[in-house]
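Take a walk through this model with the viewer open. We start with backbone details, then turn to the chain interface and a sheet.

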Amino acid sequence: MRKLLKYLSDYKKECVLGPLFKLLEASFELFVPLVVAAIIDKGIAEGDHGYIARMCLILVFLGIIGLVCSITAQYFAAKAAVGFSARLRSALFKHITSLSYTELDTLGAPTLITRMSSDINQVQSGVNLTLRLFLRSPFVVFGAMIMAFTVDFDCALIFVAAIPVLALVVFGIMLFTMPMYKGVQKLLDRITTKTRDNITGVRVIRAFTAEDRETEGFTEENDILTNAQKAVGRISALLNPVTYVIINLAVIWLIQRGAIRVELGLLTQGKVVALYNYMSQILVELIKLANMIISISRAIACGRRISDIMDTNSSMENGTVMEGKNDSPAVEFRGASACYKGCAAAALEDISFSAQRGEKIGIIGGTGSGKTTLINLIPRFYDTASGEVLIDGINVRDYDRETLLDKIGIVPQSAALFKGTIRSNVGFGSEYTDADIISAIEAAQAKELIEEKGLDYEIEQGGSNLSGGQRQRLTIARALVKKPEILILDDSASALDLATDAALSKAIRELPFSPTVFVVSQRAASVMDADKIIVLDDGAAVGVGTHDELLEDCEIYREIYYSQFPEEDSNEE
Amino acid sequence: MKNKGTLKRLWEYIKRSRMWFVLSVVLALITTILTLYVPVLVGRAVDAIAGEGMVNFGTLSFVLMEIGAVIGITAVCQWIMNTINNRITYSVVRDIRNDAFRKMQRLPLSYIDSHQSGDITSRIISDADQMGEGLLMGFTQLFTGIVTILGTLYFMFRINVFIALAVVILTPISLFVARFIANRTYSMFSEQSVIRGEQTAFTDEMISNMKVVNAFGQEKTAAKEFDEINERLRKSSLKAVFFSSITNPATRFVNNIVYAAVALIGAFIACGSGGVFGLISVGQLASFLSYANQYTKPFNEISGVFAELQNAVACTARLLELIDAEPEDDKADTELMDVKGSVVMSDVSFSYQEDKPFIEALSVSVKPGENVAIVGHTGCGKTTLINLLMRFYDVNSGSVSIDGRDIRDMSRKSVRRSFGMVLQETWLKTVTVRDNILMGRTGISDDEVIAAAKSARSWGIIRRLPQGLDTVISNSGGNLSQGEKQLISITRIMLDPPSMLILDEATSSIDTRTELAIGKDFNRLMQGRTSFVVAHRLSTIRNADTILVMDSGHIVEQGSHEELIKKNGFYKRLYTSQFTTG
């Protein structure tokens, strides 16, 4: 939490000046009761109109200074708070981009987005509020007490008694209710999840006629929530009446005491009024302080969530090697195993094979057999749990990250596009000539797309104005344009029909920069022509070889192949 | 007009705690008036201590006792009132939320399909909250605010008409100042929210696809673009935050001016030179000054309350719109029992939008135990057919009957219960895997669940999860792949399957080998059960007893695989383009 404060360091000046001006304003406010006392004791008592008018002018003057001071304070506070949140947001964004896949999996996109938006906004208002009010309220409370001492020592002792009692009540109630409010928030989250589940799953719920049971569950949770809300409400409802009673008891005591001292000629009527006014000021400030502490503690909770993310560091250390060896295979797996965080069994076990430059490697296997896990090890999206993965004879862990990524073009399973043009999506952050982009698009079999729409065609967020197949082909072009040494296609032709898929395979085979190609697929047809096919089953390689070899001696490959090319069918066509 | 209806409907909910409501209003009245009475008493006490040797202790102790009694009563009333208000608020929110949820379960699919899920969720959750906070708390504030203003006016005018007039004339200035600042800052806030929206969209896109950004090493480019938006947001926020924060100091300044004016006029009059203005005591001046401090507060609060009330009324209206939506009619209470499984659709027509006819004159007849495959291009009406069978939607004309009985005469629940359904878009709840498979069915042992999982080939996946069957699925199945989720959905119907089945692309994300493995269990499952299978894979389709070939809402061909291939028509073309290797 404390670490977040460093983003305020550029605004040290503002952080001092803001509260300072606020305190100035408060000090002027503290003089008001004294002026009023003077009006009563001198002006009214002596009937001095000129004096009264002068004193009232002083009141106006105090008001003007207060206004100037507090606007200045607001400006510094706003500048520091807004600047702080901007720096924090930028730092958080950069931090998120530095996380590895393992952390991204654990944290999840929705969490990160909330941290980036509403949590930071809360922290911003928390900082703003703190700079403006956090010092002011205690200052006014104690200031009022000190002023009371200047008025009358004896009566001021009542303040000394009343303030701790008030503070005890206010903070006691808050300390008690804060965890309860947290509990309420959790319960609210539960019924939110339940509601969302019920809407997205409406067809399944109705198909299983589980509506009544679901409603029952919701009503139950809703009751729990309501009871929790009522319980915390009952306690926080005490705050106002109790503080009210304490302050007014103090007022009674004050007047009683004051009366005796006035009778003895130790105090004047105007000063009693001044003391009474100070007491009222304290009540107002304490209530403000209590409200403020609620908002600030909310902001602190948000800040803590943000710093949790900041403390989550990438579990990978960047290597330093900038160049591979020339005489080694392009990619080599040596007994590589992989394990996802929080999963009981290994996702990939003891994989060994090597791929020579320019070879095509097919990876085939069932759902959940570890295909994507295998190819994710090549660009070091995840680290191996044991064994190693080498590119050009160097362990991927030893490479400088950018050097490693430069070698590899990857087409992920989900065809993610960004808001922007076709050009910006294919070029994706780097500068390429139009000719390069067009030839990549042609190789990706999306020529007709640019013929029809042009390179400057605007793509909506998530590529929602393109079909699944079009999106997939553009993500392929995005990987091809960088002319990678290693090209990885993760089931990325699933939305293409077989003819296009075949044409794509042909185009990739004929790429002038002849990359080493990894093709993950469920279709035997897409990997049949590979130099080497790796058959995965439940995380283990059950066969490595060419199509013909595997058909000969790999039971699982045969099953896959014949499930797609039934034997009797070959006669029909 | 609309507001009126909304409030009236809300009253229906509040009415349930009518007595509490009345009590709360009475208590609010007592509390506010007594609170206002305290300064008057304090004024009297001050007057009793005029100066050295002039203190009237008799009056003083009487007044002080009075003050003690008044604050005691006030505090008790206030606490009870707060508690009652909480009680009313939370109960109303709970009731209205329950009603909304219950209604949601009965809404026609057409309503749910045409609204975003986030929209309905936010109505039931956050709109209900805002209604509670804004409307009910707002009303309390409004009510006490108005009573405070009227009470203050009464006490002030009783003490001295002229000073009271001065206060009444001067205070509205602070309202004008607040309004003026709010108007000026409005455009700054809207600029801020536009940029903030832009930034959220960018963040959303980048973080959701962070893996792609990472894979292409584009972190720096993304961060640069982010910083550009971020800097614009900073500038615009600074303006909005700063200028709007002037409101408080400015209104406080106006209050200080009013205070000074009251002190001036009050002191002059108290000197005895008021003449026609009358005479007030020092104590009364003290009361006046504390009123001058309090008087503007409710005004400022009320102007805030109005904005909140407007928002709350809008939220309530959205919530009520959901509650008032027409539910699925379920007049038919005949239960569909002991289903044999003959399904006849005769002359069915149906459309999602009135002006766009979709399915027309469709007739199909399926014998008990028959396996029917439905094929066709995307959007040809395959899924619609299933919507009609399950009574997710009802036909516009014609009829669908099961075992010779029109399903519109049967209760929806019993129709749905007679089908086991797996959809392409798998859905998993945020509960344990076991509860996801059981779907509320009771009296089923873990062994049976495991057996079902084994035949659905999902056991290998479940076993590998951290807590096996007890693993709570998070984020709608976040870490499971689409195929894995499909296998778990299939497990649901492998457990205690009904007499008819609907499989809508149920295996589309599962690899062919696993599909083949499940196939055996599926075949056993389909044995003797009428089944409707939407699929694009040849292996799934070829074995069907009947294949329905659909095109833009019509059945264009119908028959077995061999018959249709021989026919050399639509199916043959579809078959050669989609299913073969070309």
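Helices (H or I, at least four residues) and strands (E, at least two) are DSSP runs, numbered from the N terminus. This is a predicted model, in which local features need pLDDT of at least 70, side-chain atom pairs count only at pLDDT 80 or more, and totals for chains, interfaces and linings use all residues. Residues are numbered from 1 along each chain as its sequence is written, while chains are lettered from A and ligands numbered from 1 in the order in which they are written.

Go to the loop between α14 (434-443) and α15 (447-453) of chain A; A:Q445 lies there. Its phi is positive, near 65°, and A:Q445 is not a glycine. A:Q445 is buried, with 25 other C-beta atoms within 10 Å (buried takes 20 or more, exposed 12 or fewer, partly exposed is in between; C-beta atoms are placed from the backbone).

Now chain B. B:D338 sits between α11 (282-324) and β1 (343-350), in a loop. Here too a residue other than glycine has a positive phi, about 40°. B:D338 has 8 C-beta neighbours inside 10 Å, so it counts as exposed.

Next, the interface. Contact means C-beta atoms, placed from the backbone, within 7 Å. By that rule, 127 residues of chain A touch 125 of chain B. Helix α2 (residues 49-98) gives the most on the chain A side, 26 residues.

Finally, the sheet in chain B. Four strands form an open sheet, ordered β2-β1-β4-β5, with antiparallel pairing (strands pair if DSSP finds at least two bridges between them). β1(B) and β4 (residues 397-402) share five bridges.

Notes: Two residues are in contact if their C-beta atoms, placed from the backbone, lie within 7 Å.
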